[in-house]
Amino acid sequence: MNFRCSSAPLADLGCDGLAIGLFSSTWEQQLAGLLGPRASEVQALLEQRQFKGKPREQVTLTLPGEGAKLLLVAGLGEPEHFDTQGLRQAAARLAQASRGWYLNSLGLALPLEAFAPDQALGALVQGGQLALFQDLRFRSEVEPSGDPKEICLQGIAESLQEQLPQQQAICAGVELARELVAAPPNVVNSLSLEATARSLADEFGCELTVLDEAACRERNMGAYLAVAQGASIPPRFLHLVIRPNGVVRRRLVLIGKGLTFDSGGYNLKVGSSQIELMKFDMGGCGAVLGAARTLAQLKPEGLEIHIISATTENMISGEAIHPGAIVTASNGKTIEINNTDAEGRLTLADALVYACGLEPDAIVDLATLTGACVVALGSEIAGYWSPDDTLAAQLNAAAQRAGEGLWRMPLQASYKEGLKSGIADMKNTGPRPGGSITAALFLQEFVNAEIPWAHMDIAGTVWSEKGRAQDPAGATGYGVRTLVEWCLAIAAEQKEGLSQ
Ligand code: BES
Ligand code: MN
Ligand code: ZN
């Protein structure tokens, strides 16, 4: 999608379609301000339709006479409750409503007074672009969708035009994550993910290291390889490095769970466990590769960003790991695999040990780790765990800016009891209650306590069955925007620190 910024009045933008948002308390006055002489005619049409300006209210009007032929009106509710998330969703809804009208240009006018200009720009571009995202790769016949050729952002100064590439880079990262997650397990596997990482490395000049099975064996990654041994497709441990143009001031690691299919292994996913959806079990990998797509383009000043994913699939075969097997992770800890379906934490264990070896300033891992997290927080909020309050606050703020739901969960140390094994250092699975917490506690065993670390359980948020205002149904690309916001904030913070 092309975007254009303009501070000119809506009527002067030369758009054949207009999209506006109106508050419930002041919609008549807003209308007059936006449409001038045409306002009274439109007001009558809206009154006829019982328009009240309530949140989620939406009216489409075709207009006679000169100027724009189409007017899309979204209710915004009360101005006091209109936040960035509301702005993002309004842009998304209006963009979706413009689909099918084959507009040359959609003039989008939403009340921006309450927002910082760059914040408003982000919400409008991301809201509009991501709402219109379509994945047509697996269809043999494609009908034209009639999207507008361009969206003109009214009320955004022309000088902000230069920030459009950054916003487009963020959208491209989210779209890459969506495509990776949505692709079926016979298309996206460890080898294809390696190819994706390779093409990012080539396109943006990053360094890619790939460990094959032998290289992982050399590093004693017994936990990861235990999961991979049942698959016919060979494992690939991916490590991509994004380097800044100047000096390195912070080293950050982003790890994503990369299970391209999770059958459960011998603890097979049966009944209502939705085995057919388990292509999305590489949603963490999708998110970090998506973030890499964005960050490799933006190259935030002073940041060296490491992207890691231990990719494989969790399958059944004569080679597959037995329930009850004991394996040794690369930090020497032994694990009794009492459930082969708790495989993500095994792959992450070795990835975390590897990440700590890079001596980073912080590690964040993202994983579709537990059904328990879905039960706790549903599909709009991911859970996160961190022993580090500073990192926790940073991630919370980043998610807020990104418009992604994220809620801190407790690392309840006493629950480690549930991971005690009678024969090895630990089991990989605790009791059902608090299952997302014991999973986080398991991961913590593989992190050097001196390194700030956070774990995000995105099991509920990677996929949206129905779709939401700003997301079409299916893969959401969750995590990309929070990670990008976090990295950009760290870059800005260390730069500020220098200038003081
Ligand atoms: N990939 C699943 C988690 C999952 C389940 C994500 C449902 C999205 C929806 C993970 O590997 C898994 O199977 N976890 C088990 C852990 C259990 C065996 C301790 C779970 O949550 O049931
Ligand atoms: Mn599993
Ligand atoms: Zn899994």
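The site of the zinc ion (ligand 3) is octahedral, with angles of 79 to 174° among its 6 donor atoms. Six donors count as octahedral if opposite donors are over 155 degrees apart and all others between 65 and 115; four count as tetrahedral if all angles lie between 85 and 135 degrees, or as square planar under the rule used for six; anything else is irregular. This is a predicted model, in which local features need pLDDT of at least 70 and side-chain atom pairs count only at pLDDT 80 or more, while totals for chains, interfaces and linings use all residues. Side-chain values use heavy atoms, without hydrogens and water; residues are numbered from 1 along each chain as its sequence is written, and chains are lettered from A and ligands numbered from 1 in the order in which they are written.

**Zinc ion (ligand 3)**

- Lys-257 (NZ), Asp-262 (OD), Asp-281 (OD) and Glu-343 (OE) coordinate the zinc ion (ligand 3) at 2.0 to 2.4 Å.
- Donors are N, O and S atoms within 2.8 Å of the metal (3.2 Å for Na, K and Ca); water is not among the atoms, so sites may look incomplete.
- Along the chain, the donor residues of the zinc ion (ligand 3) are spaced K-x4-D-x18-D-x61-E.
- Lys-257 is buried, at a relative accessible area of 2%.
- Buried means under 20% relative accessible area, exposed over 50%, and partly exposed in between (1.4 Å probe, protein chains only).

**Manganese ion (ligand 2)**

- The manganese ion (ligand 2) has Asp-262 (OD), Asp-341 (O), Asp-341 (OD) and Glu-343 (OE) as protein donors, 2.0 to 2.2 Å away.
- This site is irregular, because the 6 donor atoms around the manganese ion (ligand 2) subtend angles of 72 to 169°.
- The donor spacing for the manganese ion (ligand 2) is D-x78-D-x1-E.

- Asp-262 lies in strand 10 (residues 258–262), and Glu-343 in the loop between strand 13 (334–336) and helix 10 (344–357), so the pair ties together parts that are 81 residues apart in sequence.
- Helices (H or I, at least four residues) and strands (E, at least two) are DSSP runs, numbered from the N terminus.
- Asp-262 is buried, with 3% relative accessible area.
- Glu-343 is buried too, at 1%.

**Helix 5 and helix 9**

- Helix 5 (residues 164–182) and helix 9 (residues 283–298) have axes that come within 8 Å and cross at roughly 155°.
- That makes helix 5 roughly antiparallel to helix 9.
- Angles under 35 degrees count as roughly parallel, over 145 as roughly antiparallel, 65 to 115 as roughly perpendicular and the rest as oblique.
- Axes are lines fitted to C-alpha atoms, for helices over the stretch in contact, and angles run from 0 to 180 degrees between N-to-C directions.
- Helix 5 passes helix 9 in a right-handed crossing.
- A crossing is right-handed if the near helix is turned clockwise from the far one by less than a right angle, and left-handed if anticlockwise.
- Residues of helix 5 in this contact include Pro-165, Ala-169, Gly-173 and Leu-180.
- Among their counterparts in helix 9 are Gly-283, Gly-286, Gly-290 and Arg-293.
- Contact means heavy atoms within 4.5 Å.

**Helix 1 and helix 2**

- Helix 1 (residues 27–35) packs on helix 2 (residues 39–48) at about 140°, with axes 9 Å apart.
- Helix 1 is therefore oblique to helix 2.
- Their crossing is right-handed.
- Trp-27, Glu-28, Leu-31, Ala-32 and Leu-35 of helix 1 make the contact with Ala-39, Val-42, Gln-43, Leu-46 and Glu-47 of helix 2.

**Two buried leucines**

- Leu-295 is in helix 9 and is buried, with a relative accessible area of 0%.
- Beyond residues up to four places away in sequence, Leu-295 touches Ile-242, Leu-254, Pro-300, Ile-305, Val-484 and Cys-487.
- Leu-211 lies in strand 7 (residues 207–211) and counts as buried at 9% relative accessibility.
- Contacts of Leu-211, leaving aside neighbours within four places in sequence, include Cys-216, Pro-235, Phe-237 and Tyr-354.

**Positive phi outside glycine**

- Gln-50 is not a glycine, yet has a positive phi of about 65°.
- Gln-50 lies in the loop between helix 2 and strand 3 (58–62) and is exposed, with a relative accessible area of 52%.
- Lys-299 has a positive phi near 40° and lies in the loop between helix 9 and strand 11 (303–314).
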